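Hi there,

Here is the structure we talked about, ready for you to open. Have a look around first, and then read my notes below.

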Amino acid sequence: MRYLPKSPADREAMLAEIGVASIESLFETIPAEYRLTHDLEIPRQHSESEILERFRAFGSNVASGDALELAAQPASKLFASFLGAGAYRHYRPVIIDSLVQRGEFLTSYTPYQPEISQGTLQAMFEFQTMICELTGMEIANASMYDGSTGAAESVLMACRVTGRQGAVVARTVHPEYREVLATVTKHQEIPITEVGYVAPDAGNQSGRVDLAALDAAITDETACVLIQSPNFFGTIEDVAAIAEIAHAKGALLIVSIAEAVSLGVIKAPVEADIVSLEAQSFGVAVGFGGPYCGVIACKEKFLRQMPGRLVGETKDTNGKRGWVLTLSTREQHIRREKATSNICTNQALVAMMVTIFLTVYGKQGLRELAEQNLAKAAYLRKTLLDAGAKTKFDGTPRFHEFVLTTKESAAAVNAKLLEKQIVGGLALAKWYPELGESATLWCATELTTKAQMDAAAAVLAGVREQELVGVK
Amino acid sequence: MSYPETYKYAKSHEWLLLEGDAATVGITDYAQSSLGDIVFVELPKVGQEIEAGATFGSVESVKAVSDLYSPVGGTVTEVNSALNDAPETINTAANETWIIKLAVKDAAPGSLLSASEYEKFVAEETGH
């Protein structure tokens, strides 16, 4: 992102204003022999990420604090990470932190109506608008805690809308999202039925929701079907086909999206009734479990059953455009125990990061970002296959994650990777024992470098060579 | 405030018109004036079974949402879907604007009030 003070058009306008034809004629009083006729021999401009990288490199050579302790550390303590699974490393433009740390936003991070400023309201309104445009839904709230609670709240919402008690949930939904859902629904008498996925070697449907099993699992008491796309294995679900099955039986379809960047290239889930999005990928750093930023978007007809805060556009007493917190009668501070949800605060400051991120990237930028993620993941997959590993769920479209299997167990492979300062894929046996002890979920983003991917592949190839030696 | 003599009244501020085993339910003039500008009425589905005293929907004004309670038990035969587009009709004519019609299963409980009893009840409530 460049911040240039004047565009060529600005220069033209300024020259026209003072009646000079060109920059050259502006300086013609200076004798020609003293005028510079070639470019200055200085380096060209750098991108924001290149500049940051440069200063980090400077910083690593500078002793700060205890010089002896620093000298004892290895040259680089930076680890390469191939973890994804609901927590994604993406570049965060520096403008995000410089803006959200302004006191106007930071100290009033979750204001109520009486003290909320028009600036905060406008930012939240724009957040809602962007989420609608991205998800293809008609309305969006001003955020939820995170993707997991957003998915659980969507299920409760579907029960209120349909008057039914029960949800059918795909096993390809993030296992921790399903755990949160189980906790939330346990004492509300909402039975959860899980539906499996098509086997890894079953061609162009492998890793997707088993449609026949889904159809069989939906009953007259099913309020909704909850799926995730791209799902936990990185596979893109056939949202239209699943919507048709759910709707034929009067159930709503909820689509949970854990990797928001995927919306840059994947068709929005417009067939869904409710979309629960985890927006962490949009400018929110990966921390020790948070903060995250969930958001629910849906069809307008479900407006009064939607939980969370909502900002609306209105006119003030002078007829000027303004913003308000609206439809608060659904909310806990007005409706007490009959509120749509007990969510009483939201992630306004984190949603602000998302809004700034999306503003910086724009429509085209988000598409390019998503394409870079696709390309990096394709290279990673190829290079790990070349190193002797195998992938599962081939033949189905995917975003930037895939399931890998190796001859040695996930723990053994990851231990070897860690020696090289590489955090390998996430071991899956804990949630999906049927995939075997070696199954791991790998992710590459635009921040993953070719050198990191090649280094990981070299470790995997080494693992294989040692095995071959053992066999002989 | 006006409370027609032909109606029965619940302490939860609904009016009831009984004609044989057909019941018509709305909210009272007092209820609408307490709520203020009504912006939305949540209606049940036709065919839904409702027990006497149970919630069958809600009415939302600019300041609050209140549940609607059925004075009698029965099956919903009709809902006033005109309220989806013009909920404010309740403010202008609470006594003439019905919300649901029911085929009564449980006869009206004895606790329902006559117009004069209801007027006295409201006076006592607001007196506190």
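**A strand on the inside**

Let's begin with strand S8 of chain A: Gly294(A), Ile296(A) and Cys298(A) point one way from S8(A), Val295(A) and Ala297(A) point the other way, and all are buried. Please keep in mind that this is a predicted model.

How many of the residues of strand S8 of chain A are buried? The count is 5 of the 5 residues, 294–298, so the strand is largely enclosed by the rest of the structure.

S8(A) also has partners. Strand S7 of chain A (residues 274–278) is joined to S8(A) by 5 bridges, and the two run antiparallel. If you want a place to start looking, find Ile274(A), which stands opposite Cys298(A) in S8(A). Strand S2 of chain A (residues 139–140) is joined to S8(A) by 2 bridges, again in an antiparallel arrangement. There, Ala140(A) has Ala297(A) as its bridge partner. As background, the strands of a sheet pair through backbone hydrogen bonds, in either a parallel or an antiparallel way.

**One residue up close**

Gly294(A) belongs to strand S8 of chain A. Is Gly294(A) buried or exposed? It has 29 other C-beta atoms within 10 Å, and 20 or more is the cut-off, so Gly294(A) counts as buried.

Which residues does Gly294(A) touch, leaving aside its neighbours within four places in sequence? Its contacts include Ser143(A), Met144(A), Tyr145(A), Asp146(A) and Gly147(A), as well as Ser276(A), Leu277(A) and Glu278(A). Take Ser276(A) as an example: Gly294(A) and Ser276(A) are 18 residues apart in sequence, and their C-alpha atoms are 7.1 Å apart in space.

For H8(A) (residues 147–162) and H9(A) (residues 175–186), the angle is about 45° and the axes are 8 Å apart. That makes H8(A) oblique to H9(A). The crossing of H8(A) and H9(A) is right-handed.

**Chain A as a whole**

Stepping back, chain A has 15 helices and 15 strands. Its C-alpha trace spans about 90 × 85 × 45 Å along its principal axes. Of the 472 residues in chain A, 41% are buried. Among contacts between residues at least 6 apart in sequence, 72% join residues at least 24 apart.

Chain B has an open sheet of 3 strands in the order S4-S6-S7, with antiparallel pairing. Its edge strands are S4 and S7 of chain B, each pairing on one side only. From one strand to the next, the twist averages 25°. Strand S6 of chain B (residues 55–61) pairs with S7(B) over 5 bridges, and Thr55(B) stands opposite Tyr69(B) in S7(B).

How many residues of chain B are in contact with chain A? There are 6, and they meet 5 residues of chain A. Strand S4 (38–42) and strand S7 (65–69) of chain B each give two or more residues to this side. The chain B residues here divide into 3 nonpolar, no polar and 3 charged.

Happy exploring!

Terms used: Residues numbered from 1 in each chain as written. Chains lettered and ligands numbered in written order. Predicted model: local features only at pLDDT ≥ 70, side-chain atom pairs only at ≥ 80, totals over all residues. Buried ≥ 20, exposed ≤ 12 C-beta atoms within 10 Å, placed from the backbone. Helix = DSSP H or I, 4+ residues; strand = E, 2+ residues; numbered from the N terminus. Pairing = 2+ DSSP bridges. Contact = placed C-beta atoms within 7 Å. Nonpolar A, V, L, I, M, F, W, Y, C, P; charged D, E, K, R; others polar. Axes fitted to C-alpha atoms, helices over the stretch in contact; angles between N-to-C directions. Parallel < 35°, antiparallel > 145°, perpendicular 65-115°, else oblique. Left-handed = near helix turned anticlockwise from the far one by under 90°.
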